[in-house]
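Visitor: Could you walk me through this one while I have it open on the screen?
Guide: Gladly; ask in whatever order you like.

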Amino acid sequence: WAADLPVVVPAVGGIAKVVDDEETGLLFPREDEAALAAAMARLFDDAALAVRLANAGCKLVGERYSLARMADEYERHYRELMAAA
């Protein structure tokens with residue numbers, strides 16, 4: 001995402017909570033090589049889809065996972081801990 005590329009990932013663990021299928025990337029069932037190949041082929045065949053997913057993923061990274069946001073979250077957490085002490 002940070003590289004502004006679309007992602008194709010298996011729907012395992014918490015990934016499905018981070019990647020919104022068809023919105024910020026494509027999910028496929030674990031160990032389903034045919035589904036992985038089909039998802040990748042979709043991106044190669046549909047450039048508009050690839051660009052839309054890449055842009056949405058890149059935007060999501062900036063909103064949720066930026067260094068500034070991480071620093072703000074750490075600061076907030078430390079302030080809460082200090083206030084509770």
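**Talking through the model**

Guide: Let me start with Tyr 74, which counts as partly exposed because its relative accessibility is 47%. Please keep in mind throughout that this is a predicted model.

Visitor: Which aromatic pair does Tyr 74 belong to, and why is the pair called stacked?
Guide: The structure holds one aromatic pair. Its members are Tyr 74 and Tyr 78, whose ring centres are 6.3 Å apart and whose planes meet at 20 degrees, so the pair counts as stacked. A pair of aromatic rings is described by the distance of the centres and the angle of the planes.

Visitor: Where do Tyr 74 and Tyr 78 lie?
Guide: Both of them lie in helix 4, four residues apart, which is about one turn of the helix. That helix covers residues 67–84, and Tyr 78, with a relative accessible area of 48%, is partly exposed.

Visitor: Which residues form the nonpolar patch on the surface?
Guide: The patch is formed by Leu 67, Met 70, Tyr 74, Tyr 78, Leu 81 and Met 82, and together these have about 700 Å² of accessible area.

Visitor: Changing topic to charges, how many salt bridges does the structure hold?
Guide: The structure holds six salt bridges. One of them joins Arg 69 to Glu 73, with the closest N and O atoms 4.0 Å apart, and these two residues are four apart in helix 4, so about one helical turn separates them. Side chains of opposite charge can pair when their charged atoms come close.

Visitor: And what does Glu 73 do with Arg 76?
Guide: Glu 73 forms a salt bridge with Arg 76 as well, the closest N and O atoms being 2.9 Å apart; here the two partners lie three residues apart in helix 4, again about one turn.

Visitor: How far apart are the closest N and O atoms of Arg 76 and Glu 80?
Guide: In that salt bridge the closest N and O atoms are 2.6 Å apart. Through shared partners, salt bridges join Arg 69, Glu 73, Arg 76 and Glu 80 into one network. As for accessibility, Arg 76 counts as partly exposed because its relative value is 40%, and Glu 80 counts as partly exposed because its relative value is 42%.

Visitor: Now helix 3: which of its residues are buried?
Guide: The buried residues of helix 3 are Leu 49, Ala 50, Leu 53, Ala 54, Gly 57, Leu 60 and Val 61. Viewed down the helix axis, they fall within an arc of 130 degrees, so they line one face of helix 3.

Visitor: What does the face turned away from the buried side carry?
Guide: That face of helix 3 carries the exposed residues Ala 47, Ala 48 and Lys 59.

Visitor: What span should helix 3 have, and how far apart are its end C-alpha atoms?
Guide: At 1.5 Å a residue, the 18 residues of helix 3 (residues 47–64) should span 26 Å, and the end C-alpha atoms are 25 Å apart, which agrees.

Note on methods:
Residues are numbered from 1 along each chain as its sequence is written. This is a predicted model: local features need pLDDT of at least 70, side-chain atom pairs count only at pLDDT 80 or more; totals for chains, interfaces and linings use all residues. Side-chain values use heavy atoms; hydrogens and water are left out. Patches are made of residues with over 30% relative accessible area and no salt bridge: like charges are joined within 9 Å, nonpolar side chains (Val, Leu, Ile, Met, Phe, Trp, Tyr) within 5 Å. Accessible areas come from the Shrake-Rupley method with a 1.4 Å probe; for residues, only the protein chains shown count as cover. A salt bridge is a side-chain nitrogen of Lys or Arg within 4 Å of a carboxyl oxygen of Asp or Glu. Rings of Phe, Tyr and Trp (its six-membered ring) pair if their centres lie within 6.5 Å; planes under 30 degrees apart count as stacked, over 60 as edge-to-face and the rest as tilted. Buried means under 20% relative accessible area, exposed over 50%, partly exposed in between (1.4 Å probe, protein chains only). The expected span of a helix is 1.5 Å times one less than its number of residues. The arc is that of the directions from the helix axis to the C-beta atoms.
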